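Please keep the sequence and the three-dimensional view at hand while reading.

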Amino acid sequence: MATSAPHTTFSLLRSTASSSSSSTRSSLLHLSPTTTTSSSPSLRLRPTRRLGFSAADPLLALHVAARAAASIKGKATRGVISMAKKSVGDLSSADLKGKRVFVRADLNVPLDDNQNITDDTRIRAAIPTIKHLIQNGAKVILSSHLGRPKGVTPKYSLAPLVPRLSELIGIQVVKAEDSIGPEVEKLVASLPDGGVLLLENVRFYKEEEKNDPEHAKKLASLADLFVNDAFGTAHRAHASTEGVTKFLKPSVAGFLLQKELDYLVGAVSNPKRPFAAIVGGSKVSSKIGVIESLLEKVDYLLLGGGMIFTFYKAQGLSVGSSLVEEDKLDLATTLLAKAKAKGVSLLLPSDVVIADKFAPDANSQVVPASAIPDGWMGLDVGPDSVKTFSEALDTTKTIIWNGPMGVFEFDKFAVGTEAIAKKLADLSGKGVTTIIGGGDSVAAVEKVGVAGVMSHISTGGGASLELLEGKELPGVLALDEATPVAV
């Protein structure tokens, strides 16, 4: 925690402070901080995420280029503090030339009923690592899961991914009909330097998710070294993410995985301050770990989404028929007290958009958070809250956002979420580090069309949450430690 963060006092009344320094706080209800002296033609794609892996993103372009350039000299450097795992960029051309590299990617893309890819984000995310490997003469053995198959399930085959992969990589990708066995071994043996072989869905074997050692050994036997670039599954100890590391050395992070660690661990643990976190979502219970972890690090914590009504009720306010977790009222009180004790400015919305039913065509109105009538439910933060949140964010240097401000699936109740997305885009353009921590926040910045300007958008859902909670990810822990270098 930064010692300069203001201590938090609690009030159910609006502050009447008139100084310019307190204008941000004057419209806050409940929490008023005061400072004390102590593409192919047949491919139908939704708008794709800009995750920092396209040429249009200078941040990852520099990130990848720096690692690749350093590897040529035999010494890779890190620009930020991370989980200190060895990266593919730390490997030299000599380490890769002619080597069989088992690459675990996250190619779990959505397909329509005709097996057409509807969003190729995850495929594009894997490309920088794959291209780096083939450009250095490696033989790439690419693996992934798709969906949740129960045994061999044709609709979850990776075959529909081959055309798009081939197009993006720039060479014809060979597809195996299995992920282990004699036929796969023959394909690997015939793979030329700079070639790519895509294995079939690794989850067609139940042993994959059980992290069966013998199965992991069979996968590992195909290769000489391992690269994990599947951040979305890094929180799972599966045969292709964790098990293979026991048989393949080196085992290193791909560029995408490393960038996730650099931001979600490095930038969050050692942020430019003031540091703000925006946490939304429907339930406090789903974000307990994230909130508790962030309270140890942030200067400002802004809360939105359905969870705020549990906090309101914990303070004795009427919330109408809004979503409340009755068994989490004590927890909400504890979190408020913890914020105060740690000097974190915890901001709750002062006004909300309420509706007479949970529907896109519901009647709606804006009311103070302390005046929600019976029979009405809160579905978004109000305009005063957006203004207050924006003013608070104007003072920050690092922002992480996880979770929407309201029911943004309904246009009428998406205003708060979209306003925060636009605000972060504006601040990102002014040099503020903006990190979108996965999940619905990613969908929100995509919907608004500002994903491309954010500093980082996480590809992980559960993995992002667990990392933000401070948990260790099995797929990351299993990788080789980085050699200490000067930063």
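## The nonpolar cores

Which residues have the most contacts inside the largest nonpolar core? They are Leu-301, Leu-303, Phe-311, Tyr-312 and Ile-400, within a core of 69 residues. Helix H8 supplies the largest share of this core, with seven residues.

Apart from neighbours within four places in sequence, Ile-400 is in contact with Leu-264, Val-268, Phe-275, Ala-276, Ala-277, Ile-278, Leu-294, Ile-435 and Leu-468.

## The model as a whole

The structure is a predicted model. Its mean pLDDT is 84, and 82% of the residues of the protein chain reach 70 or more. Over residues 1-82, however, pLDDT stays under 50. For that stretch the model has 190 contacts beyond four places in sequence.

The protein chain contains 16 helices and 17 strands. It has 487 residues, of which 58% count as buried. The accessible surface of the chain comes to about 19,300 Å², and carbon and sulfur atoms account for 54% of that area.

## The six-stranded sheet

Six strands form an open sheet with parallel pairing, in the order S11-S10-S9-S15-S16-S17. Strand S11 (345-347) and strand S17 (456-457) stand at the edges; each has a single partner strand, so one side of each lacks a neighbour in the sheet. Helix H8 (residues 255-269) packs on this sheet and touches S9, S15, strand S16 (433-436) and S17. The direction of H8 makes about 120 degrees with that of S16.

Strand S15 (residues 398-402) pairs with strand S9 (residues 275-279) in the parallel sense over five bridges. Within this pair, Thr-398 of S15 is the bridge partner of Phe-275. S15 also pairs with S16, again in the parallel sense, over four bridges. There, Ile-400 stands opposite Ile-435 of S16.

Is S15 mostly covered or mostly exposed? It is mostly covered, since five of its five residues are buried. In a regular strand, side chains alternate between the two faces of the sheet. In S15, Thr-398, Ile-400 and Asn-402 point one way, while Ile-399 and Trp-401 point the other way. The residues on both sides are buried.

S14 runs antiparallel to strand S12 (residues 351-355), and four bridges join them. In this pairing, Met-377 of S14 is the bridge partner of Ala-355.

## A buried aspartate

Where is Asp-229 placed? It is in the loop between strand S7 (225-228) and strand S8 (251-253). Asp-229 counts as buried because its relative accessibility is 3%, and the cut-off for a buried residue is under 20%.

Not counting residues up to four places away in sequence, Asp-229 touches Arg-104, Ala-105, Ala-125, Ala-126, Thr-129, Gly-254, Phe-255, Leu-256 and Leu-257. Asp-229 and Glu-260 are 31 residues apart in sequence, and their C-alpha atoms are 9.9 Å apart in space.

## Backbone details in the loops

Two cis peptide bonds may be examined in the model. One joins Lys-249 and Pro-250, with omega of about 0 degrees. Pro-250 is in the loop between S7 and S8, which is also the place of Asp-229. Another cis bond runs from Arg-273 to Pro-274, with omega near 0 degrees. Pro-274 is in the loop between H8 and S9.

Positive phi values in residues other than glycine also deserve attention. Gln-115 has phi near 65 degrees and is found in the loop between strand S3 (100-104) and helix H3 (121-135). With a relative accessible area of 29%, Gln-115 is partly exposed. Asn-211 has phi near 55 degrees and is placed in the loop between helix H6 (206-209) and helix H7 (213-220). Asn-211 is buried, with a relative accessible area of 18%.

How values were computed. Residues are numbered from 1 along each chain as its sequence is written. This is a predicted model: local features need pLDDT of at least 70, side-chain atom pairs count only at pLDDT 80 or more; totals for chains, interfaces and linings use all residues. Side-chain values use heavy atoms; hydrogens and water are left out. Helices (H or I, at least four residues) and strands (E, at least two) are DSSP runs, numbered from the N terminus. Buried means under 20% relative accessible area, exposed over 50%, partly exposed in between (1.4 Å probe, protein chains only). Accessible areas come from the Shrake-Rupley method with a 1.4 Å probe; for residues, only the protein chains shown count as cover. Contact means heavy atoms within 4.5 Å. Two strands pair if DSSP finds at least two bridges between them. Axes are lines fitted to C-alpha atoms, for helices over the stretch in contact, and angles run from 0 to 180 degrees between N-to-C directions. pLDDT is the predictor's confidence in each residue, from 0 to 100. A nonpolar core is a set of buried Ala, Val, Leu, Ile, Met, Phe, Trp, Tyr and Cys residues joined through side-chain atoms within 4.5 Å.
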